[in-house]
Amino acid sequence: MQSNRLYFIDAVRAFAILMMLQGHFIDTLIDPIYRDSTNIVYNIWSYLRGITAPTFFTISGLVFTYLLLRAHSKNDDQPRIKKGFFRGLLLIGIGYSLRINLVSWLSGYFSSYFFVIDVLQCIGLSLIILVSLHILFKHYSYLFSTILFAVGCLCFISEPLYRDLVISNLPLPIANYMTKINGSVFTILPWFGYSAFGAFIATVFFRHAHRNRFKLCSVITFFIVGYFLINYSSWFLLELHGITNIELLKLSASYNYLFTRLGNVFILFGLFYAFERFLKQSIIAKIGEKTLSIYVIHFIILFGSFTSYGLKRFLNQTLNPTEAIIGAILFAIVVCFISFHYAKTNTFVYNMNRKLINRFKNQ
């Protein structure tokens, strides 16, 4: 399982981070006149881009929960629990720090843009929630699995209830985790649902990975469930509505992007798990180990964290498709090169996390 986790998961991470690099670059810099919904190439690109965030959240829940379960099986999960809490807080801190504009701050201007929630804050909070659920149910393995699955379904099905949520009676930093009205890119709902489903998969992997033909069964299951979610999840929700007469099920089926995207993620998992042996020691697996570094570096270069001087400032919505495609390829290569050969972001943040944990232990 350790081998499977290493290559299979890192390959999925690499795919997601590369899709994010090209997606952010093209979406930010391409001229709006080329956003043609009647163009099949643009539609395929847009659809594939939509898989990126669900993949990140699902794989983060899978990896982290599996490590928790493995540590618990050795009666040594306390360090992992503490590390999980600090890792979550660390990701939240990095997410906020990338929105710091030192130039504006030094001039005396502070923008509420700093409190906008992005993917790192949501993943960090999701890890903290998963650690909390593990603490509550770690002695009840099957109950833990059931709750994770139920929470994931509830997050998705209840999406119509908070789709246009407006929160005015909470402080802005807290409200932004629940509503997009102030500019947040991600909110904890529904995105924690993907982390919950990833954690559920982790419980299945941990419980059955030692069995014969587990990999074959897993790949087949990923494809079957993924196909069902993409093509029949809306139908299934409508059937449940017909049986239960619960209006929320009908509303969820009418705008069912969450279960559909989960199906895409499962298909992706099945593909990479099936061809895992071809990815061992490959550049793809190595890229998957550098996702945090790559994310931080790309954000600074593209969006101008700290200085506000990024590619967006000079090339915002000015590129034609050819320039955008070539630029995205070069952008991905440069960011990965910096991450591999110069940046020490992962080492720095993980060492800082370890120091914080050790300091906490000594108190």
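This is a predicted model: local features need pLDDT of at least 70, side-chain atom pairs count only at pLDDT 80 or more; totals for chains, interfaces and linings use all residues.
## Helix α3 against helix α4

Helix α3, which covers residues 52–73, packs with helix α4, residues 78–97, at an angle of about 155°, and their axes lie 8 Å apart. Because an angle over 145 degrees counts as roughly antiparallel, α3 is described as roughly antiparallel to α4. The crossing in which α3 passes α4 is left-handed.

On the α3 side the contact is made by F64, L67, L68 and A71, and these residues meet R80, I81 and G84 in α4. Sorted by class, the residues of this contact comprise five nonpolar, one polar and one charged.

## Helix α3 against helix α13

Helix α3 also crosses helix α13, residues 257–274, at roughly 65°, with the two axes coming within 9 Å. The crossing of α3 and α13 is right-handed.

Here the residues of α3 are P54, T55, T58, I59 and L62, which meet R261, L262, V265, L268 and F269 in α13. The contact of α3 with α13 has seven nonpolar residues, together with two polar and one charged.

Is G124 buried or exposed? G124 has a relative accessible area of 0%, and because buried means under 20%, this residue counts as buried.

When neighbours within four places in sequence are left aside, G124 is in contact with G88, L91 and I92. G124 and F314, which are 190 residues apart in sequence, are 31 Å apart in space, C-alpha to C-alpha.

Key:
Residues are numbered from 1 along each chain as its sequence is written. Side-chain values use heavy atoms; hydrogens and water are left out. Axes are lines fitted to C-alpha atoms, for helices over the stretch in contact, and angles run from 0 to 180 degrees between N-to-C directions. Helices (H or I, at least four residues) and strands (E, at least two) are DSSP runs, numbered from the N terminus. Angles under 35 degrees count as roughly parallel, over 145 as roughly antiparallel, 65 to 115 as roughly perpendicular and the rest as oblique. A crossing is left-handed if the near helix is turned anticlockwise from the far one by less than a right angle, and right-handed if clockwise. Contact means heavy atoms within 4.5 Å. Ala, Val, Leu, Ile, Met, Phe, Trp, Tyr, Cys and Pro count as nonpolar, Asp, Glu, Lys and Arg as charged, and the others, Gly among them, as polar. Buried means under 20% relative accessible area, exposed over 50%, partly exposed in between (1.4 Å probe, protein chains only).
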